[in-house]
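Here is my note on the fold. Please read it with the model open beside you.

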Amino acid sequence: MIIIIGAGIAGLLLSKRVNADLILEEQPVIGGVFASDNVFGVDLPYVLPIINNPMKLTNIGLSYIEYDLKILYRKYDYFKDKICKFCDKLPTWLNFDLMRKLYVVRNIPDFIATLSKNVRIVKEYPIRIDDKKIITNKGNVYKYTKTYNTGSLKKMSKLLGLDNSNLKHKSVLTLMILARKEYERDWNVHLSGDTADSFSVIIRLDNIIKDLDLYYVYSFIDTNQKNIDIDRIILDLKRRQIISLNEIVAFRSKLISEALLFGEINDKMLPNVINCGRLGEWKNYDIIETISRIQNC
């Protein structure tokens, strides 16, 4: 039996490639960081799927929207350190200075739904694993010939009794806000390195839902830091005259624990447990990099 851990994009793509027997998924919804929610009849992912080279989307079923990139900087010299001081570099989806345009994948929810068709997805997660079987939180035992882990490398290494102390991460609290169009803005990306701001990145899209602006607001959190309060973020948005409370018509929030990854594991995995994808390999891959890696995993 071939088992995949994780029903994000990496796990779903890999399931098709290796003809997996089942996928184990810990979360109540599939899609990983690109899980979505329906707002006013539109499926919106909690994390905006940004790419920097749309030519690489050819023949994989993804389409994109192109925007002129208009950036507003605030104390940008401190931007990287505010987000992740110990990361060698920021992932491509946060490195806006390398982008000529803002490219956003438009059909992530449909793409995930298509990938999940005819795939056996079981809402369980491993609590024990050896070289022959997986025992899940629901007490089920799955014997396997090969397991592909696209879930957290940190959790997998702990299950296997390996040293994972070098694996570090930062979390991100994402706010997805729909607000009335009160007036035109001269930016669609706002980057703040100011520690007085609870947020670091704001991306504004103006053509997703009629007469509304869609804002993605990202606040990055250290693992030893108390979670940022949503009310504090809303107040900061008002203080900076970005969004006021009376403009907001809907919002969603999601905490992504392992958002930015750094460090490497020293020990080796079991020979029939293969780590793949962003979380499995503990690399800050974007969508395109994830898809490319899955082809060779």
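1. Start with one pair of residues. Y73 stands opposite L191 in β15. This is a predicted model, in which local features need pLDDT of at least 70, side-chain atom pairs count only at pLDDT 80 or more, and totals for chains, interfaces and linings use all residues. Residues are numbered from 1 along each chain as its sequence is written, and side-chain values use heavy atoms, with hydrogens and water left out.

2. The strands around that pair come next. β7 and strand β15 (residues 189-192) run parallel and are joined by four bridges. Two strands pair if DSSP finds at least two bridges between them. Strands (E, at least two residues) and helices (H or I, at least four residues) are DSSP runs, numbered from the N terminus.

3. β7 and β15 belong to an open sheet of six strands. Its order is β7-β15-β16-β17-β14-β18, and the pairing is mixed. β7 (71-74) and β18 (248-262) are the edge strands, each pairing on one side only. On average, neighbouring strands of this sheet are turned by 15° against each other, direction ignored.

4. A helix packs on this sheet: α5 (residues 230-239). α5 touches β14 (168-180), β16 (201-205), β17 (212-222) and β18. Contact here means heavy atoms within 4.5 Å. The direction of α5 makes about 55° with that of β14. Axes are lines fitted to C-alpha atoms, for helices over the stretch in contact, and angles run from 0 to 180 degrees between N-to-C directions.

5. There is also an open sheet of three strands, in the order β5-β8-β6, with antiparallel pairing. β5 (50-51) and β6 (64-68) stand at the edges with a single partner strand each, so one side of each has no neighbour in the sheet. Two bridges pair β5 with strand β8 (residues 101-105) in the antiparallel sense. Within this pairing, I51 stands opposite Y103 in β8.

6. Two hairpins deserve a look. Strand β10 (residues 126-129) and strand β11 (residues 133-136) pair in the antiparallel sense over three bridges. P126 stands opposite T136 in β11. Three residues lie between β10 and β11 in their hairpin. β11 also runs antiparallel to strand β12 (residues 141-143), again over three bridges. K133 stands opposite K143 in β12. The hairpin of β11 and β12 has four residues between the strands, and G139 in the turn has a positive phi of about 85°.

7. Now the helix pair. How do the axes of helix α1 and helix α3 cross? The axes of α1 (residues 9-18) and α3 (residues 108-115) come within 9 Å and cross at roughly 40°. α1 and α3 are therefore oblique to each other; angles under 35 degrees count as roughly parallel, over 145 as roughly antiparallel, 65 to 115 as roughly perpendicular and the rest as oblique.

8. Which residues make the contact of α1 and α3? α1 brings I9, L12, L13 and K16, while α3 brings I108, F111, I112, T114 and L115. Seven of the contact residues are nonpolar, one is polar and one is charged. Ala, Val, Leu, Ile, Met, Phe, Trp, Tyr, Cys and Pro count as nonpolar, Asp, Glu, Lys and Arg as charged, and the others, Gly among them, as polar.

9. Last, the cysteines. A search of the whole structure finds two disulfides, each being a pair of cysteine sulfur atoms within 2.5 Å. One of them joins C84 to C87, with S to S at 1.9 Å. The link of C84 and C87 is right-handed, with 70° about the S-S bond.
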